[in-house]
Amino acid sequence: MHPQAAAQPLSGTTPAACPVSAATLQAASGLPSTHRIDLDQIRCARQWATAGVLAVDPGMQGDGVLLFTHSDGRWQKLGEGSALECTPFGIPPEIGDQVGCRDH
């Protein structure tokens, strides 16, 4: 008997990207040291995630979120804003509520 190999994803499928940690998104965000990903404001579905940002100085606090996509085994920042629409980023509208975007 040969030892069984670890299960591999089926050809053409992507391993689950969610959940994602604040540290992972922080590294992908490009944020300066004055801002950090808010652990309590991460929303993730399929290969997309949004995250709120906390400013070290409350006077620099904004209300926007960062949008990320997972591809080729890593997270990348796609955009940012306070009212993100799904379709321009290729996010299916049916998962918009899970990710934190909405088409108007």
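Trainee: Which residues make up the largest nonpolar core here?

Mentor: In this predicted model, that core holds 11 residues, namely Ala17, Val20, Ala22, Leu25, Ile37, Ala49, Ala51, Val53, Leu66, Phe68 and Trp75. A nonpolar core is a set of buried Ala, Val, Leu, Ile, Met, Phe, Trp, Tyr and Cys residues joined through side-chain atoms within 4.5 Å, where buried means under 20% relative accessible area with a 1.4 Å probe, protein chains only.

Trainee: And which elements each supply at least two residues of this core?

Mentor: Helix 1 (22–29), strand 2 (48–55) and strand 3 (65–71) do, and strand 2 gives the largest share, 3 residues. Helices (H or I, at least four residues) and strands (E, at least two) are DSSP runs, numbered from the N terminus.

Trainee: What does Ala22 touch?

Mentor: Leaving out residues up to four places away in sequence, Ala22 touches Ile37, Leu39 and Ile42, a contact being heavy atoms within 4.5 Å.

Trainee: New topic: in what order do the elements run?

Mentor: From the N terminus on they run α-β-β-β-β-α, with 2 helices and 4 strands in the protein.

Trainee: How much of the protein is buried?

Mentor: Of its 104 residues, 30% are buried.

Methods. Residues are numbered from 1 along each chain as its sequence is written. This is a predicted model: local features need pLDDT of at least 70, side-chain atom pairs count only at pLDDT 80 or more; totals for chains, interfaces and linings use all residues. Side-chain values use heavy atoms; hydrogens and water are left out. Buried means under 20% relative accessible area, exposed over 50%, partly exposed in between (1.4 Å probe, protein chains only).
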